[in-house]
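This report is meant for a reader who is meeting the structure for the first time. Please keep the sequence and the 3D view at hand while reading.

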Amino acid sequence: MTESTAILDLSAHLPVDTFKLQIRKPGTDTPLGWVIELAGPAHPQTIALNNESTREAIEKEKAIEFAQVNGRKWKTEDETVADRRRQNVTKVCRRIVGWSPNPTFRTVSPDPIAFSIESAVDLFLRPELGSFFVQVTDYLTSERAFTRPSSQT
């Protein structure tokens, strides 16, 4: 085999399907023991979320174009700040596969909170839990998100 026909296998550099994010004590590198598993870019949850967002954008573009073609004004939907925040937090929470162990926040509930998208949204909408939500969003938007550890390459 000549150098020009060598095979370059880059599969070891593809993103992992999920990542277990160790939640840290706010402002430190100290793990709290709460692990949130996140869906990677090729995970079915992420693909479904991206497809849904794209479909919504296409439908909105079609509705705007239809209104323009028919000489009608396009009226945007009324949306509150709270509505938009819930929508954004929900999109992030739909990337969560699960968490372990079930955390307890006594200001929210005396019992551990089992994972569901609804419970994650309810938790992360709370301003006092913002530092935990930021850890999730920071990871999801980081350049190194879902890269394989060097031990796996």
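What covers the buried residues of H3? In this predicted model, the cover includes the strands S2 and S3 (96–100) together with the helices H2 and H4. The residues of H3 that are buried are Ser 119, Ala 120, Val 121, Leu 123 and Phe 124.

**The pair H2 and H3**

Helix H2, which runs over residues 81–93, and helix H3, which runs over residues 117–124, have axes that come within 9 Å of each other and cross at roughly 130 degrees. The crossing in which H2 passes H3 is right-handed. On the H2 side the contact is made by Arg 85, Arg 86, Val 89, Thr 90 and Cys 93, and these meet Ile 117, Ala 120, Val 121, Asp 122 and Phe 124 of H3. Sorted by class, this contact of H2 with H3 holds six nonpolar residues, three charged residues and one polar residue.

**Helix H1**

Thr 46, Leu 49 and Ala 67 are the buried residues of H1, and they pack against strand S2 (31–39) and H2. After H1 comes Gly 71, which has a positive phi, near 70 degrees.

**Two single residues**

| Residue | Relative accessible area | Class |
|---|---|---|
| Gln 135 | 19% | buried |
| Thr 5 | 47% | partly exposed |

Gln 135 counts as buried because its 19% falls under the limit of 20%, whereas Thr 5, at 47%, lies between that limit and the 50% above which a residue would be exposed. Gln 135 belongs to helix H4, residues 130–141, and, when residues up to four places away in sequence are left out, Gln 135 touches Leu 21, Gln 22, Ile 23 and Arg 24. Thr 5, for its part, is found in the segment before strand S1 (18–24). Between the C-alpha atoms of Thr 5 and Thr 90, which are 85 residues apart along the chain, the separation is 47 Å; Thr 90 is one of the H2 residues in the contact with H3.

Definitions and conventions. Residues are numbered from 1 along each chain as its sequence is written. This is a predicted model: local features need pLDDT of at least 70, side-chain atom pairs count only at pLDDT 80 or more; totals for chains, interfaces and linings use all residues. Side-chain values use heavy atoms; hydrogens and water are left out. Axes are lines fitted to C-alpha atoms, for helices over the stretch in contact, and angles run from 0 to 180 degrees between N-to-C directions. Helices (H or I, at least four residues) and strands (E, at least two) are DSSP runs, numbered from the N terminus. A crossing is left-handed if the near helix is turned anticlockwise from the far one by less than a right angle, and right-handed if clockwise. Contact means heavy atoms within 4.5 Å. Ala, Val, Leu, Ile, Met, Phe, Trp, Tyr, Cys and Pro count as nonpolar, Asp, Glu, Lys and Arg as charged, and the others, Gly among them, as polar. Buried means under 20% relative accessible area, exposed over 50%, partly exposed in between (1.4 Å probe, protein chains only).
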